[in-house]
Amino acid sequence: QMDLIGKAIKQTRQERKLTQEDLGKLIGVKKAQISRLESNASNVTIDTLMRVFSALQANVKLQIELPHLKMSVGQ
């Protein structure tokens with residue numbers, strides 16, 4: 001599923017007419033990191049993903065369910 005996230009980031013970035021360099025500047029990383037993220041999102045921190053989604057104006061919801069804990073995080 002992480003490759004689908006990378007593809008979605010790339011598509012959304014292109015729809016917003018942002019280059020990889022533009023998106024990198026918005027979140028404080030280099031173009032190369034955006035390129036790696038779009039091609040293989042499996043080696044990225046949640047913090048970086050959240051900054052990318054914020055820059056792309058995405059609505060993010062993360063739900064975690066463990067036996068004794070249910071937690072939702074949204075942006």
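Reply: Helices here are DSSP runs of H or I with at least four residues, numbered from the N terminus. The model is a predicted one. It holds three salt bridges.

Start with the pair inside helix 2. This helix covers residues 20-27, and Glu-21 and Lys-25 are four residues apart in it, which puts about one helical turn between them. Their side chains meet in a salt bridge, with 3.7 Å from N to O. An α-helix has 3.6 residues a turn, so residues three or four places apart point the same way. As for accessibility, Lys-25 is exposed, with a relative accessible area of 62%. Glu-21 is partly exposed, at 44%.

A second pair sits in helix 4, which runs over residues 46-55. There Asp-47 and Arg-51 are also four residues apart, about one turn of the helix. Their side chains form a salt bridge with an N to O distance of 3.4 Å. Both partners are partly exposed: Asp-47 has a relative accessible area of 49%, and Arg-51 has 30%.

Helix 4 also has a buried side. Its buried residues are Thr-48, Leu-49, Val-52 and Phe-53. Viewed down the helix axis, these residues fall within an arc of 135 degrees, so they line one face of helix 4. The cover over the buried residues of helix 4 includes helix 1, helix 2 and helix 3. Just after helix 4 comes Gln-57, which takes a positive phi of about 60 degrees.

The remaining salt bridge joins Glu-38 to Arg-13, and the closest N and O atoms of this pair are 2.5 Å apart. What about burial? A residue counts as buried when its relative accessible area is under 20%. Arg-13, at 6%, is therefore buried. Glu-38 is buried too, with a relative accessible area of 8%.

Key
Residues numbered from 1 in each chain as written. Predicted model: local features only at pLDDT ≥ 70, side-chain atom pairs only at ≥ 80, totals over all residues. Heavy atoms only, no water. Salt bridge = Lys/Arg side-chain N within 4 Å of Asp/Glu carboxyl O. Buried < 20%, exposed > 50% of the residue type's maximum accessible area, 1.4 Å probe, protein only. Helix = DSSP H or I, 4+ residues; strand = E, 2+ residues; numbered from the N terminus. Arc of directions from axis to C-beta. Contact = heavy atoms within 4.5 Å.
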